[in-house]
Amino acid sequence: MNIAIIFAGGTGKRMNTKAVPKQFLELHGKPVIIYTLEQFENHPEIDQIILVCLSSWIDYAKKLLRKFQITKVTSVVPGGLSGQESIFHGIDTAYRQSQDKKDIVLIHDGVRPMINQETITKCLSCVKKMVMLLLQLLLLKLSLLTVTMVRSEKFLIVLIVLWQELHNAFICRIFTELILKHNQSSAMILSIQLC
């Protein structure tokens, strides 16, 4: 399944839009956010859309979704205090809605409506190719290396960390999740940088 997270949690401070956040400003009779959502709505490979929005504007966003017949939006979730926190809320929702650890998640800024079908297709294709390469490299690395990490104080080892407890993390905007559960309370999310 391919899930698009559209984050639109900003208030438009830099644009000085006091009455209406920039994602809801109208351009040729449509709010900017709708132009963005339509690109993902109309893409044949996008299965679901998660919209991250200012909590005080969620009801208005839902009205827009109905008015403009945006049907792939499965969740409208409140944003956070920052763009990063808003994206995290979207990723958390995608994780809960995910049906397979091979699901692909694309993250896009709701006030960037100039994305097109070709770009979305290329991103999906790139993720699929890169995941296969990454898995091969990861398996090769695990089969060839044993890593011991230590913490030292004044040249004395005070802590030995097992390599199984270490996790690589890459911050990115387009990624696929490979979730390796160690137990009920912990999971590793491996994501790959593409753009």
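These legends walk you through several close-up views of a predicted model. Local features are described at pLDDT of at least 70, side-chain atom pairs count only at pLDDT 80 or more, and totals for chains, interfaces and linings use all residues. Residues are numbered from 1 along each chain as its sequence is written, and side-chain values use heavy atoms, leaving out hydrogens and water.

View 1. Helices (H or I, at least four residues) and strands (E, at least two) are DSSP runs, numbered from the N terminus. In α2 (residues 58–67), look for the buried residues Ile58, Ala61, Leu64 and Leu65. They share one side of α2 because they span an arc of only 115° around the axis, judged by the directions from the helix axis to the C-beta atoms. Asp59, Lys63, Arg66 and Lys67 are exposed on the other side. Here buried means under 20% relative accessible area, exposed over 50%, and partly exposed in between (1.4 Å probe, protein chains only).

View 2. Ile33 sits in helix α1 and is buried, with a relative accessible area of 2%. Beyond its neighbours within four places in sequence, its contacts (heavy atoms within 4.5 Å) include Phe24, Leu51 and Leu64.

**View 3. Lys128 and Glu45.** These residues form a salt bridge, with their closest N and O atoms 3.4 Å apart. Lys128 lies in α4 (residues 117–144) and Glu45 in the loop between α1 and β4, so the pair ties together parts 83 residues apart in sequence. A salt bridge is a side-chain nitrogen of Lys or Arg within 4 Å of a carboxyl oxygen of Asp or Glu.
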